[in-house]
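Here are my notes for reading this entry alongside its sequence. Please keep the structure open and look up each place as it comes up.

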Amino acid sequence: MGIELLTTTRSFRRRLDLTRPVERRDLLECLDIAVQAPSGSNRQPWRFLVVQDDETKQRIAEFYRKGFEANLAGRTPRPDQLGDLASSRYLAEHLGEVPALVFVCSLGRLPEPASPPRLASFYGSIYPAVWNFMLALRERGLGSCLTTAHLAYEREVADLLGIPFDEVTQVAMVPVAHLLPGHDGPGRRAPAAEVTLWDRWA
Ligand SMILES: Cc1cc2nc3c(=O)[nH]c(=O)nc-3n(C[C@H](O)[C@H](O)[C@H](O)COP(=O)(O)O)c2cc1C
């Protein structure tokens, strides 16, 4: 797949099959690809917590929806954002029905405030693994979406899932399901030539 995989792996929300379970074996195979990602000093700070229990997913979905609504409050979306917004709302409404919710966590917790280099190293050592995971899923016909809306309730979700809050930071939650048929295409993006500078900023 190669380039096509890289350019057509989108945030899948409405195309998630809420009726078909996702096998642990498939998730583990994709997580094995996730952990091939780079991390600062090869620290491999990641931990993955996969939630498939229905009642737990419903409780997580309640926190997610509260975080999602708070993110929207006071924002007026641009017309070109309305489609994404409807899709995001669909996910928020159905999150508890998604077969697997994968919490990507990083060992440690940053001091507040953290310096830009520490922030870069902390988050930069985990997001490549998230993206590797999403690409590996997609190659197997599984869809996902990188989400952070629940993080406003990180502590509450940590308590619910038994995650030691002071020692482990949740960085993303990736809902995973089999992918329903649909259109695969590149995302709406400004061309690289418009956002690339050479030798000097201006
Ligand atoms: C750091 C980060 C946080 C995100 N959080 C959410 C989220 O909480 N909920 C959601 O539905 N999508 C979330 N997204 C997905 C973006 O909305 C999406 O990547 C963007 O609109 C581009 O769409 P595409 O991925 O389909 O090309 C997040 C993406 C990133 C990179």
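1. Helices and strands are DSSP runs, a helix having at least four residues and a strand at least two, and they are numbered from the N terminus. Ser 41 has a positive phi of about 50 degrees although it is not a glycine. Please bear in mind throughout that this is a predicted model.

2. The overall build comes next. The protein contains seven helices and five strands, and along the sequence these follow the pattern α-β-α-β-α-α-β-α-α-β-α-β. The C-alpha trace spans about 55 × 40 × 40 Å along its principal axes. A compact globule with 202 residues would have a radius of gyration near 17 Å, and the protein has 17 Å, so the value agrees with that expectation.

3. Which two residues does a cis peptide bond join? They are Glu 112 and Pro 113, and omega at this bond is about -5 degrees. Pro 113 is placed in the loop between strand 3, residues 100-107, and helix 5, residues 116-124.

4. Turning to the ligand, there are 13 residues around it, and those that come nearest are Arg 10, Ser 11, Arg 13, Tyr 64 and Arg 189. By class, this shell has five nonpolar, four polar and four charged residues. Helix 4, residues 82-94, gives the most to the shell, with three residues.

5. Individual atom pairs can be followed between the protein and the ligand. A polar side-chain atom of Tyr 64 lies 2.9 Å from a nitrogen atom of the ligand, whereas Leu 146 brings a backbone N or O atom to 3.0 Å from a ligand nitrogen atom. Thr 148 likewise uses a backbone N or O atom, which lies 3.0 Å from an oxygen atom of the ligand. How much of the ligand does the protein bury? Taken alone, the ligand exposes 620 Å², and the protein buries 64% of that.

6. The largest pocket has a volume of about 630 Å³. It is lined by 20 residues, and the closest to its centre are Arg 10, Ser 11, Arg 13, Asp 84 and Gly 187. Helix 4 and helix 6, residues 127-139, each supply at least two residues of the lining, which divides by class into five nonpolar, seven polar and eight charged residues.

7. The second largest pocket has a volume of about 400 Å³. Its lining is made up of 20 residues, of which Phe 68, Leu 72, Arg 75, Leu 85 and Ser 88 lie nearest the centre. Helix 3, residues 54-72, and helix 4 each supply at least two of the lining residues, and helix 3 gives the most, with four. By class, the lining of this pocket divides into eight nonpolar, six polar and six charged residues.

Conventions:
Residues numbered from 1 in each chain as written. Predicted model: local features only at pLDDT ≥ 70, side-chain atom pairs only at ≥ 80, totals over all residues. Heavy atoms only, no water. Near = heavy atom within 4 Å. Polar contact = N/O pair within 3.5 Å; in protein donor to acceptor, adjacent residues only side chain to side chain. Areas by Shrake-Rupley, 256 points an atom, 1.4 Å probe, with all protein chains shown as cover. Nonpolar A, V, L, I, M, F, W, Y, C, P; charged D, E, K, R; others polar. 1 Å grid on protein atoms, 1.4 Å probe; cavity = no way out; pocket = protein on both sides within 12 Å on 5 of 7 lines; lining within 4 Å. Points joined across faces, edges and corners; volume = space filled by probe spheres on them. Rg over C-alpha atoms; globule rule 2.2 N^0.38 Å.
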